[in-house]
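Dear colleague,

I am handing over a structure for you to look through. Please open it and keep it in view while reading the notes that come after it.

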Amino acid sequence: MDHSDRDINIDTEHEKVPIDLDSIKKYDKKTDHHSLTHALKTAISHTTEKHAGESIYAPSNEKPPHKSLLYRLIPSMRGWEVKRHYGNYVIVRETGEKIWEEMPLYARIGMHLLFSGKVEEKVVESHPIRHLFEVESKRQGQYYDSPHSIKSIPSFIKHYNIKTDELLEPDISKYRCFNEFFYRKLKPDARPPASPDDDNVVVSAADCRLNVYQDIELAKKIWIKGKHFTIAELLQDRELALEFDGGSIAIFRLAPQDYHRFHSPITCMVGSAKHINGAYFTVNPMAINENLDVFTENVRSTLLLHPKDPDASKVAFVAVGALLVGSIKFTVKEGNRISKGDELGYFAYGGSTIICLWRKGEIKFDEDLVSNSKSTLETLVKAGMRIGAKPSAPVSE
């Protein structure tokens, strides 16, 4: 890396501040937001696709991701995070309680890189930054697939208060790497589907923070603010997208602490799958609510679900990767017949999102979910919980 222009003057809202690469290495928790912005600008200006790996990341998969330079840039400023919405309020469906969920460290990186200061458009559209996201996402996935990563499991359980008594394998020593624990399986009765014998009832695809909209256009007005978001772009299939014109959408956002296997919301036959390459932007609401086309630019995999009723609409199931998500894996094959609540696949480490689409008039979402979503609040739900039904089915209490 060329260090000939190490000393740089960066304009801020208040003054010109000299900054160099060494100042990034000295970055600590007392550093304020402006200094973080300066450090990021310097990192960006000294980063190209050619040397991204050597300039920003720890080179060995044996080193945990937090040892990389990118991670050492991140401060712990709780009050500032809340002020800048670096976290989210969610409604716990089972209790109706409104709680604050802090944003994980890796998502905070994405927020800073995308939205810090007045350089958001320059940063978002910077090819080196997109490359950094991709490199770090893949590198973290590789590390969490290595035996060295098992040391991260106990602290992860403690930090997120993971309930180990519901695990299919509760003995933590049996997991061979962190990712095996991250996409852990639960006991068969841990997430029973609502109304298992009633095919009219639709259930949650995952443990998640959920938004639902009867009309996709309403979702674009309230929640999905990407400038170029369309169903055709999401599915990369214009003909298929026509089937969902005027239809309904459910957005299931998974946080790192969640159980990361996902399930079918309906009883169906599995249709064709397709993988779509893309970027690795964070899927945090702050990104979704900005003019950034996260859902139509991120790496994703689509799966079609065909109900038993030949007259019923197929459901488009879209698994969206994100910052530091190593992979999306389907565990079903085309032609498999499955019941609602059955597993479809899983995400490796990171935050992630599932989007399900229904044809117009094919689903009526439960009123509490609709109301929360209109108020731009996500609802905390578990896999298998009822989220709606066919319009002719009884409405949930």
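Predicted model: local features only at pLDDT ≥ 70, side-chain atom pairs only at ≥ 80, totals over all residues.

The chain as a whole

The chain has 16 helices and 18 strands. Of its 397 residues, 55% are buried. The accessible surface comes to about 18200 Å², and carbon and sulfur atoms account for 48% of that surface. Among contacts between residues at least 6 apart in sequence, 74% join residues at least 24 apart.

Helix H9

Helix H9 covers residues 153-160, and its buried residues are Ile153, Phe156 and Ile157. Why do these buried residues line one face of the helix? Seen down the axis of H9, they fall within an arc of 100 degrees, so they line one face. Helix H10 (178-182) is included in what covers the buried residues of H9. After H9 comes Asn161, which has a positive phi, near 55 degrees.

The aromatic rings

The structure holds 14 aromatic pairs. One of them is formed by Tyr175 and Phe181, whose ring centres are 5.4 Å apart and whose planes stand at 90 degrees, so the pair is edge-to-face. Are these two residues buried or exposed? Tyr175 and Phe181 are both buried. Ring pairs also link these two residues into a cluster with Tyr143, Tyr144, Phe156, Tyr160, Phe178 and Phe182. Phe156 in this cluster is also one of the buried residues of H9.

The sheet S8-S14-S12

Strands S8, S14 and S12 form, in that order, an open sheet of 3 strands with antiparallel pairing. Strand S8 (261-263) and strand S12 (328-330) stand at the edges, and each has a single partner strand, so one side of each is left without a neighbour in the sheet. Direction ignored, neighbouring strands of this sheet are turned by 25 degrees against each other on average. As a general point, strands of a sheet pair through backbone hydrogen bonds, either parallel or antiparallel.

Strand S14 (residues 343-347) is joined to S8 by 3 bridges, and the two run antiparallel. Here Arg261 stands opposite Tyr346, and Phe262 stands opposite Gly345. S12 and S14 also pair in the antiparallel sense, over 3 bridges, with Ile328 opposite Phe347. How many of the 5 residues of S14 are buried? The count is 4, and S14 is mostly covered.

The sheet S5-S18-S16

Another open sheet of 3 strands has the order S5-S18-S16, with antiparallel pairing. Its edges are strand S5 (201-203) and strand S16 (364-365); each has a single partner strand, so one side of each is left without a neighbour in the sheet. S5 is joined by 3 bridges to strand S18 (residues 386-389), and the two run antiparallel. Within this pairing, Val202 stands opposite Gly388.

With kind regards

Notes. Residues numbered from 1 in each chain as written. Heavy atoms only, no water. Buried < 20%, exposed > 50% of the residue type's maximum accessible area, 1.4 Å probe, protein only. Arc of directions from axis to C-beta. Contact = heavy atoms within 4.5 Å. Pairing = 2+ DSSP bridges. Axes fitted to C-alpha atoms, helices over the stretch in contact; angles between N-to-C directions. Areas by Shrake-Rupley, 256 points an atom, 1.4 Å probe, with all protein chains shown as cover. Phe/Tyr/Trp six-rings, centres within 6.5 Å; stacked < 30°, edge-to-face > 60°.
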